[in-house]
Amino acid sequence: RGGARARSGGKMASTAAGKQRIPKVAKVKNKAPAEVQITAEQLLREAKERELELLPPPPQQKITDVEELNDYKLRKRKTFEDNIRKNRTVISNWIKYAQWEESLKEIQRARSIYERALDVDYRNVTLWLKYAEMEMKNRQVNHARNIWDRAITTLPRVNQFWYKYTYMEEMLGNVAGSRQVFERWMEWQPEEQAWHSYINFELRYKEVDRARSIYERYILFTVLVLVHPDVKNWIKYARFEEKHSYFAHARKVYERAVEFFGEEHMDEHLYVAFAKFEENQKEFERVRVIYKYALDRIPKQDAQNLFKNYTIFEKKFGDRRGIEDIIVSKRRFQYEEEVKANPHNYDAWFDYLRLVESDTDAETVREVYERAIANVPPIQEKRHWKRYIYLWINYALYEELEAKASKRTRQVYQACLELLPHKKFTFAKMWLLYAQFEIRQKNLPLARRALGTSIGKCPKNKLFKGYIELELQLREFDRCRKLYEKFLEFAPENCTSWIKFAELETILGDIDRARAIYELAIGQPRLDMPEVLWKSYIDFEIEQEEYEKTRNLYRRLLQRTQHVKVWISFAQFELSAGREERLPRCRQIYEEANKAMRSCEEKEERVMLLESWRSFEDEFGTDATKERIDKLMPEKIKKRRKLQAEDGSDAGWEEYYDYIFPEDTANQPNLKLLAMAKLWKKQQQESEAAAMDPDKDIDESQT
């Protein structure tokens, strides 16, 4: 048969070819995959979507007689049974089947379907709920009770069954039955809400004693079973007693809660509730005791609400002292937490000590000071001790000024000085404060001994100065001389010490000693401020009106330095000497200075000298001298120089000002060249102006 078909097909093709020519199919040259690929998943999804689109809506069927109804029921039941047979574990199919039977008032059939479904999955909560709701809806109370009993027996940990069961019994007015269900539920030790539901049930029927017994059972359950019982259950129990005016029972509940939780598991909410209860009973002293007891034992970070309520209470019922106490207590807790977190936070210790000093007895203040100074810096570097040392200073000042305990003050100073590592560093202020304290106690030998020990252990400029100042106030000049000698042996480069020593001798009238001290000072190989020392020596000789010695000092200084200020000061000294030849001497100094400054690289200093010389000539000179100094004044010109970067590359040009002095013969050719350039530039500008205005030239020629 297949061969016949093929032959017939061949004949038809040949016949068609005779009438119309069939084109040849072109071969595919590019066999690469297309840019847009279509997967099998997309094809299947599109087919499914189109299938849904093409499905016509089911026709509406009207049932007119019993036979059609029975036929409809048969078809529907067969459909439901087929669905169940395909997948027995899909509970929604069972529920739909049962609800359909229920809608037809076929309760017995629906009940049978639910029972079959429970055989499949008896742990399904929704199935039990739908089953019981069907029985209740159809007023089958005993059947519903039977189902609820089976549900709570099979799944006792599903709270929804118990709630529904008790609610049904209560709605039916069966209070005893509902209570019996609650009792069965409580045997399973459910969660907190179940107990409160039972309590609220009893309260709805005014059974206060029963509610109290349930609270007692629940509290006992939380104590024995739960590892961390919650405070709110005790608070609810106490508020229940308070609400029903059993105030003694409420107070007893609070006291039992405080005793039960103890100091290890203290909670601020319990104490706040206890205090508010006592506040409602007008027991203000009990409230204050409760708050203080809790604040002394609960950490600060866990007692914010407690502090807030205590403050509100004191503002309502307390006096000013009580309000201040709560504020101080709050700040003290804050500082305690800070220093506990970081014992070396000395700023927190200072704030804490300032607080306790203002509102505490001396023993408490001493205890806090001892705790603070016990936190010695772990590193022996002075920068770490600078804040710490003030704890000792404040401690000593408190003992002396506030506590009036001079013996303890001395012990504080001595303990601090023993603690300091003097071989590495020391604090001069501590030694000086100790010496000043001993002087205030009229104990001069101890003060001198302390300062002498400090100089022997760790000499410092500040210690020497403080010791010398003390002896000066006591008018012990011989001791001052010895101290200055020791000081200068320790620091011979300190010009201030030399000057102060010489000034002391000058005050005492020993001019030769003062001059000898100055001579020793300027003879030192290294000085920190030599210009100050020379100036002081020169001023000293001027005060003594030793002008020749002053001139010699200036000459000696000029041998060491050729600074322009020294020349100007020398000239002004000659001008103020007060003799007839002062003007020639002053002019001669300026001449010498000008000659000496010609080789100076700093031209600004030379200009400064000439400016000072010109001001002198303007005041005291003649026309000839003024004209001469004007000729010496330099010309200020602008120049450019090439800059180089740090890596040696070219960094461009910069402009700067330079001075050209007429006296410098080496610069004369440059000056001539510069003058000729300026003259040429001027001529060029005049010629350009004439070319721009030819009419002006004609008018000038006619004129």
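Among contacts in the protein chain between residues at least 6 apart in sequence, 47% join residues at least 24 apart. Contact here means heavy atoms within 4.5 Å. This is a predicted model, in which local features need pLDDT of at least 70, side-chain atom pairs count only at pLDDT 80 or more, and totals for chains, interfaces and linings use all residues. Residues are numbered from 1 along each chain as its sequence is written, and side-chain values use heavy atoms, with hydrogens and water left out.

Start with the overall make-up. The secondary structure of the protein chain comes to 36 helices and two strands. Of the 703 residues in the chain, 36% are buried. Buried means under 20% relative accessible area, exposed means over 50%, and partly exposed lies in between (1.4 Å probe, protein chains only).

Next, confidence. pLDDT is the predictor's confidence in each residue, from 0 to 100. The protein chain averages a pLDDT of 80, and 87% of the residues score at least 70. Residues 1-19 have a pLDDT below 50, and this stretch has zero contacts in the model beyond near neighbours in sequence. Residues 694-703 also have a pLDDT below 50, with one contact beyond near neighbours in sequence. Where pLDDT is low, the predicted coordinates should not be read in detail.

Now go to Glu 202, in helix α10 (residues 192-204). Its relative accessibility is 0%, so Glu 202 counts as buried. Not counting residues up to four places away in sequence, Glu 202 touches Arg 179, Glu 207, Arg 210, Ala 211 and Ile 214. Ile 214 is twelve residues from Glu 202 along the chain, and their C-alpha atoms are separated by 9.3 Å.

Glu 268 is another buried glutamate, at 12% relative accessibility. Glu 268 is found in helix α14 (residues 268-280). The side chain of Glu 268 reaches the backbone nitrogen of Asn 305 at 3.2 Å. A polar contact is a pair of N or O atoms within 3.5 Å; within protein, one must be able to donate a hydrogen and the other to accept it, and residues adjacent in sequence count only if both atoms are side-chain atoms. Beyond residues up to four places away in sequence, Glu 268 touches Ile 298, Asp 302, Ala 303, Gln 304, Asn 305 and Leu 306.

Helix α18 shows burial along a helix. This helix (residues 346-359) has 14 residues and reaches 20 Å from its first C-alpha to its last, close to the 20 Å expected at 1.5 Å a residue. The expected span is 1.5 Å times one less than the number of residues. The buried residues of α18 are Tyr 346, Ala 348, Trp 349, Phe 350, Tyr 352, Leu 353, Leu 355 and Val 356. An α-helix has 3.6 residues a turn, so residues three or four places apart point the same way.

Two loops deserve a look at the backbone. Lys 404 sits in the loop between α21 (389-402) and α22 (406-419). Phi of Lys 404 is near 55°, a positive value in a residue other than glycine. Arg 475 lies in the loop between α25 (461-473) and α26 (477-490), and phi of Arg 475 is near 60°, also positive. Most residues other than glycine have a negative phi. Lys 404 counts as exposed at 64% relative accessibility, and Arg 475 counts as exposed at 57%.

Move on to α27 and α28. Lys 500 lies in helix α27 (residues 495-507) and is partly exposed, with a relative accessible area of 45%. Arg 513 is found in helix α28 (residues 511-522) and is partly exposed at 33%. Arg 513 touches Arg 481, Phe 501 and Glu 505, not counting residues up to four places away in sequence. The C-alpha atoms of Arg 513 and Ala 502 are separated by 7.6 Å. Those of Lys 500 and Ala 514 are separated by 9.9 Å.

Finish at the largest pocket. About 530 Å³ of space lies in this pocket. Of the 20 residues that line the pocket, the closest to its centre are Glu 531, Lys 535, Leu 557, Lys 565 and Val 566. Helices α29 (530-543), α30 (547-560) and α31 (564-575) each supply at least two lining residues. The largest share, eight residues, comes from α29. A pocket, on a 1 Å grid over the protein atoms alone, is an open set of points where a 1.4 Å probe fits, with protein on both sides within 12 Å along at least five of seven lines; lining residues have an atom within 4 Å of a point. Grid points are joined across faces, edges and corners, and the volume is the space filled by probe spheres set on the points.

Technical notes: Helices (H or I, at least four residues) and strands (E, at least two) are DSSP runs, numbered from the N terminus.
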